[in-house]
Amino acid sequence: MRVFVIGSFVIACSVKVARLPQAGESLDGLAFLAEPGGKGFNLAIAARRLGVAVDGLFAVGTDVFSPVARSTFAQVGFSEDMLVPHAGSTGAGVAFVDATGENCLAVCLGANFALGAEDVRAVAARIRKANLVAATFESPDAPIREAFALARTLGLRTLLNPSPVRPIDPAILADTSILIVNAVEAADLGLGTPDAIAHAPAATPAIAALLHGGLDLLVVTLGDRGAMAFRPGLQPLRQLAFAVAAVDTVGAGDAFTAGLMAGLLAEVPLDATLRQAAACGALTTCQFGAFDAFPTAHALATFLDNAAR
């Protein structure tokens, strides 16, 4: 099974600190890490490690980081055809991670926001080979709209993680099969407060309206409260979070989404798919950085087997 990702690539820098800084404050860094990242790239590499075949589009700039992107794609076995050069800077970001694993970050998306509908049209034949088309909001609306419209005409499922959150273009939403948001994003999109969603015996009115409008599945991740899944005409499914010693939460949401994609593509029942997704998110928090933390299929299976005992 194959996923096509309308992706983003970012050189991700992380600094480990005792606590998150206040405005105007300088802190001693306890550790520093620079690695390939970006929500789209994270989805792609995390899915690849779970055994999913991956294709996609990722814009890179014409700066010193462009060769890093190319060498990274070669290292992980992604085709260089997945990279689209655009003038300007390659995406880059900085995260601060405190002693509990919580983080704050800023990302300059650079060339990622130069990706256009014409780039998608140029690879339409590759999209036709996919079973699922996925995107995050680290890409602009135009390529997502183009790819999702093509996917729906082909009868392919589409998955949107609207993060960083912004209003969802109605045309994109109309062609979205699966929507994944965290608690903050859900509140920003008017879907309900975290408490209302976490304890919902049924879909909130706003979630019900989305499901009535054509959405097949809405998943809201709630941090240490787990996740809730909503489907048309069915009771919500609740997935509890796995208790782990979190070191760094950067990438955990991307890992959850990748685990969900892998389960859906393999046609695993939704309850087991949610459990797999939650395990992927939990495992990713167990070390500093995201790139090396995304679990393999074997590591996931071992974790789930041990958790069941």
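Which residues of helix 1 are buried? The close-up views described below, taken from a predicted model, begin with that helix and then move to other parts of the chain.

**View 1. Helix 1 is mostly covered in this predicted model.**
The buried residues of helix 1 are Lys 39, Gly 40, Phe 41, Asn 42, Leu 43, Ala 44, Ile 45, Ala 46 and Ala 47, which amounts to nine of the eleven residues in the helix. Just after helix 1, Gly 51 adopts a positive phi of about 95°.

**View 2. A salt bridge joins the side chains of Asp 254 and Lys 39.**
The N to O distance in this pair is 2.6 Å. Because Asp 254 belongs to helix 10 (residues 252–265) and Lys 39 to helix 1 (residues 39–49), the pair ties together parts that are 215 residues apart in sequence. Asp 254 is buried, its relative accessible area being 5%, and Lys 39 is buried as well, with a value of 16%. Side chains of opposite charge can pair when their charged atoms come close. In the structure as a whole, the count of salt bridges comes to eight.

**View 3. Helix 5 contributes Glu 146 to a salt bridge with Arg 121.**
The side chains of Glu 146 and Arg 121 meet with an N to O distance of 3.3 Å. This pair links distant parts of the chain, since Glu 146 lies in helix 5 (residues 141–153) and Arg 121 in helix 3 (residues 117–121), 25 residues apart. Glu 146 is partly exposed, with a relative accessible area of 27%, and Arg 121 is also partly exposed, with a relative accessible area of 49%.

Asp 141 is partly exposed, at a relative accessible area of 21%.

**View 4. Val 3 is among the residues with the most contacts inside the largest nonpolar core.**
This core has 53 residues, and those with the most contacts inside it are Val 3, Phe 78, Val 219 and Leu 260. Beyond its neighbours up to four places away in sequence, Val 3 touches Val 52, Ala 53, Val 54, Asp 55, Leu 132, Ala 134, Met 261 and Leu 265. A second, separate core of 40 residues includes Ile 127, Ala 130, Ile 168 and Val 220. In soluble globular proteins, nonpolar side chains tend to be buried together.

**View 5. Val 181 is a buried residue of strand 10.**
Strand 10 spans residues 178–182, and the relative accessible area of Val 181 within it is 1%. When residues up to four places away in sequence are set aside, Val 181 touches Asn 161, Pro 162, Ala 186, Leu 189, Leu 191, Leu 218, Val 219, Val 220 and Thr 221. Val 181 and Gly 253 are 72 residues apart in sequence, while their C-alpha atoms are 8.9 Å apart in space.

**View 6. Val 64, Phe 65 and Val 68 form a nonpolar patch on the surface.**
Together these residues have about 250 Å² of accessible area. Val 68 lies in helix 2 (residues 66–76) and is partly exposed, with a relative accessible area of 34%.

**View 7. Cys 280 and Cys 286 take part in no disulfide.**
A search of the whole structure finds zero disulfides. The cysteine sulfur nearest to that of Cys 280 belongs to Cys 286 and is 12 Å away, which is not within the 2.5 Å that a disulfide requires. Cys 280 is buried, with a relative accessible area of 1%, whereas Cys 286 is partly exposed at 36%.

**View 8. Ala 307 is a partly exposed residue of helix 12.**
Helix 12 covers residues 297–307, and Ala 307 has a relative accessible area of 38%. Apart from its neighbours within four places in sequence, Ala 307 is in contact with Phe 242 and Arg 275. The C-alpha atoms of Ala 307 and Asp 55 are separated by 32 Å, and the two residues are 252 residues apart along the chain.

Terms used: Residues numbered from 1 in each chain as written. Predicted model: local features only at pLDDT ≥ 70, side-chain atom pairs only at ≥ 80, totals over all residues. Heavy atoms only, no water. Patch = residues over 30% accessible without salt bridge, like charges linked within 9 Å, V, L, I, M, F, W, Y side chains within 5 Å. Areas by Shrake-Rupley, 256 points an atom, 1.4 Å probe, with all protein chains shown as cover. Salt bridge = Lys/Arg side-chain N within 4 Å of Asp/Glu carboxyl O. Helix = DSSP H or I, 4+ residues; strand = E, 2+ residues; numbered from the N terminus. Buried < 20%, exposed > 50% of the residue type's maximum accessible area, 1.4 Å probe, protein only. Contact = heavy atoms within 4.5 Å. Core = buried A, V, L, I, M, F, W, Y, C linked by side-chain atoms within 4.5 Å.
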